[in-house]
Amino acid sequence: MYRYDEFDHTFVTQRVAQFREQVARRIAGELTEDEFKPLRLMNGLYLQLHAYMLRVAIPYGTLSSRQLRQLGYIARRYDRGYGHFTTRQNIQFNWPTLKDVPDILADLAAVEMHAIQTSGNCIRNTTADATAGVAADEVADSRIYCEIIRQWSTLHPEFSFLPRKFKIAVTGSGRDRAVTAAHDIGLRLKLDADGNPGFEVLVGGGQGRTPILAVTIREFLPERHLLSYLEAILRVYNQLGRRDNIYKARIKILVRETGRDEFARLVEEEWAHIRDGELRLPDGEIERIQAYFAPPAYQALDDACPELAVQRAGNRAFDAWVGSNVEAHKRPGYAVVTISLKPHGGIPGDASAEQMEAVADLADRYGFGEIRVTYKQNLLLPDIRKGDLFALWQGLVAAGLATANAHRVTDIIACPGLDYCNLANARAIPVAQAISERFADPERERAIGNVTVNISGCINACAHHHVANIGILGVDKKGKEFYQVTLGGAADENAAIGDIVGPAFDEDRIADAVETVVDVYLAERRGADEPFIDTYRRIGLKPFKEKLYAAH
Amino acid sequence: MPNTAITANRLADGFVIYLTADGGWSESLADAAVATSDDELEGLQAVAERAARAGTVIAPYAFDVETDAGRPLPRGRREILRTLGPSVRTDLGYQAARS
Amino acid sequence: MPLIKNGARLQDPWFAVATEEELDRSGPMLVPLALWQEHRDRLVDRVGPIGIRLASHESPAAIAGDLERFDLVALEFPKFTDGRAFSYARLLRERHGFTGEIRAVGHVLRDQIAFLLRCGFDAFDLDERAAAGWQAATGAFSAWYQPAADADAPIPARRRYAVPARASVAVIRSEPVQPPAPEPAACAANWAY
């Protein structure tokens, strides 16, 4: 993991002191809310429906056990005993008081964390695939580049007042596990003919009311040019991005209105001036950061683990959990474990202070003390010996964290919705809970297989419903909550935006509608090996639509 | 004119508060002053704007209420949730804090 | 509003021209881009300093060929959230080599001053409150992560050349400390990221 040096420590400490002074000025009445708002947002502090909300950055979703324990401590000490993990690999606390926030930031700084740029019209926390460093198919470790981007983008003097927020994601292999196509900039690691790492550069992806998938503006960017190229893109956007209409201010609109080729030309023209300047990564810099992400002290193990087979045969619940929540590791004898934060009927992404501490303890005991936060609002232990899986699972069962549903229909992404959020039009969590309860039977869930279900409480699409196989968008119609369904979206390397099926369903019928969609899929699929998205692409919207609106 | 009350969030903790008849703020909608005419509403809004300028409250706005025996009740999902806290964590919302 | 240049309060010597008639005045004169473009032939022969004022949608590229005629470029902030001029100032300094005054005018918050300085602004039209907070606003950080238009070595360069942050006594590596170069532009080139 990356560790702060003296410079990082000094910087974050000074940032806390600066915000402490800004809060004091606000409380003393020297700053109006209009003046204070951009300052608090750039420190992750929102005002939500019922209280302030503090969004803490978890850079590229990587946490040490010490950091996760500290998040649990903050939840208990300053909040109401829980936190909410988000699709952008951050954590949100829902009840901090204004005067406590500088103390929370100081407690975060003590474990090398911060809330810098988790909001505001600036470069947000860069996200990565949660299996970086351990995925068998990886080209290069995306965390290295994310850390380089994190430092460069932190309080960037030129790019802190962009037309709109700006999100960058990096994925380490051809399998896109970071939804790069839905980001302002998506970077896909690849190798050139000589085996040197670099990036395919995509720009202009985004969701919201105008969902657009990113387009490639450069097939291969050598790694040493990473920052100069990002600076060129941001500089073009900062000057030309629209500032007259908040809904047209994202880079996706600029790219669309300018055209891919012309936008790429503008970037290349700017880049030509700066590519060999100060931002060019010097020899040794990538290696210096890479050293922080050196593999842990793996043991030489056989990949086959006979005791695991015996344990699976002897315990159906454990067997089901291994089947859904355990994935291949690049090292023999190790496995990657998803800890589901989606208990059936529970709140997606929420974890209690006790659960955070339990996961931290389990990570120390079985997994080199490292935890990841995933795009799907789950936690992940990247390095578990296969022989330890059963003991780990027992620990997770005790903490209420052993739900065997990773990637399944109840592994639902949901935004906080109107239960917490000031922008929402409808609640999202209760809908997730209703659907989750509907599909709680493990046998049925396993039979359905992998499918993504995402629920957003408004058109801002924080839950990425546009790129879900089954997307649900909450809308308000004359004071009542309705839910619009989209089908066929995908968030992987074959990213797609879902198609709207038709009129929205009310609160009481949305779980039925999802069940109908699933039933059509089960009836139409060519065998259990054909996942939902493949069936949808084969048969299209029509059969689903007919069944959904048959009674009308 | 529909019956109207004024709400805002408190600077110190962001909690939902309601303007009372004596120009103070309460966490309970039951304590809220209810305007039944444009004049009354303007008067309440002036008080609320002063509080916002003074920095003790954030983003005050008027919203429609029903009245039951003179007691204001929220209308619309959003305002109902604002009086109660998150519907999915009734153990931790305002209900819990007040019990 | 107080004018602050290089950290000191000054009386503003510049007259802000608003109409064509005012172009006949003597003394330092700040001219909006439209008037400059319309009366360029007449103004190039003028004796006395000329400054140019650019609105936030007016890129310095429009005057790149005339930059040596100006002692001042004033960049407007119609509201503090309009951040285009941050890029303009860097381009003026780093791309076009402009060494005159770059002044921020309009709606600028005290908490933006440090960013403005880093982007190459050296003068500010500030309201009293912002001017009073100058010290706190510019002293909050001892080092920054990324290179910009200022002469300070960014953190990556400090790491490489073992330059401690101002508030820090740590020496990270034992390589010899590079002497800072005199010119900002040359200095920037030396601090390879």
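Biologist: How many salt bridges does the rule find across the interface of chain A and chain C?

Modeller: Nine. Keep in mind that this is a predicted model.

Biologist: What makes D5(A) and R159(C) a salt bridge?

Modeller: Their closest N and O atoms are 2.6 Å apart. The cut-off is 4 Å between a side-chain nitrogen of Lys or Arg and a carboxyl oxygen of Asp or Glu, so the pair qualifies.

Biologist: How many residue pairs are in polar contact between chain A and chain C?

Modeller: There the count is 22, with both residues at pLDDT 80 or more. As for who takes part, α1, α2 (33-41), α5 (142-153), α6 (226-240) and α8 (260-274) of chain A each give two or more residues to the side that touches chain C. The most comes from α1(A), with eleven residues. Sorted by kind, that side of chain A has 17 nonpolar, twelve polar and 19 charged residues.

Biologist: How do you know what area is buried between chain A and chain C?

Modeller: The size of an interface is often given as the accessible area lost when the parts come together. For chain A and chain C that comes to about 4100 Å², with 56% from carbon and sulfur atoms. F7(A), P157(A) and E278(A) supply 22% of what chain A buries there, more than any other three residues. In terms of contacts, 48 residues of chain A meet 46 residues of chain C.

Biologist: Which residues of chain C does Q239(A) touch?

Modeller: Those are S59(C), R84(C), S87(C), Y88(C) and L91(C).

Biologist: Now for chain B. Which residues make the R77(B) salt bridge, and what makes it count?

Modeller: R77(B) pairs with E481(A), and their closest N and O atoms are 2.9 Å apart. That lies within the 4 Å limit, so the pair counts as a salt bridge. Across the interface of chain A and chain B the rule finds two salt bridges, along with eight residue pairs in polar contact, both residues at pLDDT 80 or more. On the chain A side, α1 (6-27) and α14 (429-438) each supply at least two residues. The largest share, three residues, comes from α14(A). By kind, the side of chain A that touches chain B divides into 14 nonpolar, six polar and nine charged residues.

Biologist: How many residues does the contact take from chain A and from chain B?

Modeller: It takes 29 from chain A and 22 from chain B. Together the two chains bury about 2100 Å², 59% of it on carbon and sulfur atoms. L49(A), H50(A) and R80(A) supply 27% of the area that chain A buries against chain B, more than any other three residues.

Biologist: One more topic, the sheet in chain A. Which strands form the open sheet, and in what order?

Modeller: The order is β6-β7-β8-β9-β10, five strands with mixed pairing.

Biologist: Why do β6 and β10 of chain A stand at the edges?

Modeller: β6 (127-128) and β10 (215-222) each have a single partner strand, so one side of each is left without a neighbour in the sheet.

Biologist: What makes β8 and β9 of chain A a pair?

Modeller: Pairing needs at least two bridges, and these strands have seven, so they pair, in the antiparallel sense. One of the bridges links G186(A) to L202(A) in β9(A).

Definitions and conventions: Residues are numbered from 1 along each chain as its sequence is written. Chains are lettered from A and ligands numbered from 1 in the order in which they are written. This is a predicted model: local features need pLDDT of at least 70, side-chain atom pairs count only at pLDDT 80 or more; totals for chains, interfaces and linings use all residues. Side-chain values use heavy atoms; hydrogens and water are left out. Contact means heavy atoms within 4.5 Å. Buried area is the accessible area (1.4 Å probe) that two parts lose on being put together, summed over both. A polar contact is a pair of N or O atoms within 3.5 Å; within protein, one must be able to donate a hydrogen and the other to accept it, and residues adjacent in sequence count only if both atoms are side-chain atoms. Helices (H or I, at least four residues) and strands (E, at least two) are DSSP runs, numbered from the N terminus. Ala, Val, Leu, Ile, Met, Phe, Trp, Tyr, Cys and Pro count as nonpolar, Asp, Glu, Lys and Arg as charged, and the others, Gly among them, as polar. Lists of a residue's contacts leave out its neighbours within four places in sequence.
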